[in-house]
Amino acid sequence: MEPHKNRNRNRKRKKKTHGGSRSSTVDRLSALPDCLLHLIMSRMKARQTVQTCVLSRRWRHLWRSAPCLHLHWAEFFEPSHGLPTQEELHPPREQLARFQGFGDSLLLNREPGSALDTLSLRLRDTHASRMDAGRWMRHACNLSSLRALRYEIFGVGESPARMPPDLGPSLTRLHLGNLSLDERFAGVVASVCVALEVMELEVCEIACRRLASNSLRSLVIDGGYIDGDDGHGDYQLVITAPRLASLRLMLDWGNEFVTVRASPATVVTIGSLLF
C-alpha cells in the first residue's frame with residue numbers, strides 16, 4: 001500500500017514541475033502593446049532595432065513602425081581610438097554599400113501610415129555619407145511627422161559638411177554637430193521650421209549673418225565659430241527670436257560679434273571655450 005501512495009505523490013510532483021516550467025516560458029514581453037515595445041526600441045540603435053525581427057512572429061515587422069530611429073556609423077564600422085585609420089576615412093566599397101543600403105531600407109520600407117517622431121544620424125565625414133544624410137533627411141521630413149532631428153558629422157573632412165536644407169514644418173527640436181550653416185539653412189529655419197522650439201548647434205561653422213525664428217524658445221550655440229570669409233571680413237551674427245526664453249552662447253571665439261534681438265526676459269548665458 002505504501003509504495004502505491006509514493007507513486008501517486010511522485011506523479012503529482014511531476015505534474016506541478018511540468019506546469020511550472022510551461023508557465024516560465026510564456027513570452028510576457030511580446031504580450032505588451034505596440035506603444036510599449038516601441039518605447040523599448042527607442043532606446044536602441046537602428047541595427048539593434050531591426051534585429052528584433054528574429055525574436056518572434058510578433059516582432060517580425062514591428063521595426064518598420066518604430067517612431068524613433070538612431071542610425072550610427074559605429075554600428076557598421078568599428079571605431080578606432082585616437083586618429084581615424086585609412087579604412088575609416090575611406091571605407092571599403094562593399095562595407096559602405098551595405099551601410100547605405102541599410103539606411104535606405106530602414107526609411108523606405110516603413111509601415112505605410114506609421115509616424116516617425118525622431119531621427120538621429122551620427123555619421124563619419126565622407127562624401128558618400130553627406131549624400132546619404134541629405135537623402136535620408138528629405139525622406140524623413142516628407143513623412144510630415146518628424147518632430148526631432150539630430151544630425152552629427154564626425155571625422156576630418158577637407159571642408160565642413162554643409163547642412164542640407166531638408167527640414168520640415170513639424171520639427172520642434174533640432175540638434176546639429178560639426179556642420180557648416182549657411183544662408184540657405186538660415187532661410188529654411190526662418191520660413192519652413194515654423195514650430196521649432198529648441199535648437200542646439202554644437203561645434204558648427206556659422207556662415208550665415210542672421211538667424212531668425214518666431215517660434216524658437218531655447219537656443220544653444222556650443223563651440224564653433226562665426227565664419228567671416230565672405231570677402232568683406234564680416235563676422236556679425238544677428239539672432240532675432242522674439243519668443244526666446246533661454247540663450248546659451250559658448251563660441252570658441254567671436255561672442256562679441258553676436259547681436260541678440262529677443263525679449264527682455266530672455267535668460268542669456270555667454271562664455272568662451274578659449275581662455
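Student: Does Asp182 count as buried or exposed?

Tutor: Start with the rule: buried means under 20% relative accessible area, exposed over 50%, partly exposed in between (1.4 Å probe, protein chains only). Asp182 has 13% relative accessibility, so Asp182 counts as buried. Keep in mind that this is a predicted model, where local features need pLDDT of at least 70, side-chain atom pairs count only at pLDDT 80 or more, and totals for chains, interfaces and linings use all residues. Residues are numbered from 1 along each chain as its sequence is written, and side-chain values use heavy atoms, with hydrogens and water left out.

Student: How much of the chain is buried?

Tutor: The chain has 275 residues, and 42% of them are buried.

Student: What does Asp182 pair with?

Tutor: First the general idea. Side chains of opposite charge can pair when their charged atoms come close. The cut-off for a salt bridge is a side-chain nitrogen of Lys or Arg within 4 Å of a carboxyl oxygen of Asp or Glu. Here, Asp182 forms a salt bridge with Arg162, and the closest N and O atoms are 3.3 Å apart. That pair links distant parts of the chain. Arg162 sits in strand β4 (residues 161–162), while Asp182 is in the loop between β6 (179–181) and α7 (183–191), 20 residues away.

Student: How many salt bridges are there by this rule?

Tutor: The count is nine. One of them joins the side chains of Glu152 and Arg150, at 3.0 Å from N to O. Glu152 is buried, at a relative accessible area of 12%, whereas Arg150 is partly exposed at 33%.

Student: Which residues are linked in a network of salt bridges?

Tutor: Asp104, Asp132 and Arg135. Take the link between Asp104 and Arg135: their closest N and O atoms are 3.0 Å apart. Asp104 belongs to helix α5 and Arg135 to helix α6, 31 residues apart. Both fall in the partly exposed class: Asp104 has a relative accessible area of 22%, and Arg135 has 31%.

Student: How do helices α5 and α6 pack, and at what angle do their axes cross?

Tutor: Axes are lines fitted to C-alpha atoms, for helices over the stretch in contact, and angles run from 0 to 180 degrees between N-to-C directions. The axes of α5 (residues 93–108) and α6 (residues 127–142) come within 10 Å and cross at roughly 5 degrees. That makes α5 roughly parallel to α6. On the scale used, angles under 35 degrees count as roughly parallel, over 145 as roughly antiparallel, 65 to 115 as roughly perpendicular and the rest as oblique.

Student: Which residues make the contact between α5 and α6?

Tutor: Contact means heavy atoms within 4.5 Å. From α5 come Leu96, Phe99, Gln100, Gly103, Asp104, Leu107 and Leu108. From α6 come Ala128, Asp132, Arg135, Trp136 and His139.

Student: Where do the aromatic rings come in, and how many pairs are there?

Tutor: Rings of Phe, Tyr and Trp (its six-membered ring) pair if their centres lie within 6.5 Å; planes under 30 degrees apart count as stacked, over 60 as edge-to-face and the rest as tilted. The structure has two such pairs. Trp73 and Phe99 are edge-to-face, 5.2 Å centre to centre with 70 degrees between the planes. Trp73 lies in the loop between β1 (68–72) and α4 (86–89) and Phe99 in helix α5, so the pair ties together parts 26 residues apart in sequence. Phe99 and Trp136 have ring centres 5.8 Å apart and planes at 75 degrees, so that pair is edge-to-face. Phe99 in α5 and Trp136 in α6 are 37 residues apart. Trp73, Phe99 and Trp136 form one aromatic cluster. Both Trp73 and Phe99 are buried, and so is Trp136.

Student: What does Thr49 touch outside its sequence neighbours within four places?

Tutor: Met41, Met44, Trp63 and Ala66. Thr49 sits in helix α3 (residues 46–51), and at 1% relative accessibility Thr49 counts as buried.

Technical notes. Helix = DSSP H or I, 4+ residues; strand = E, 2+ residues; numbered from the N terminus.
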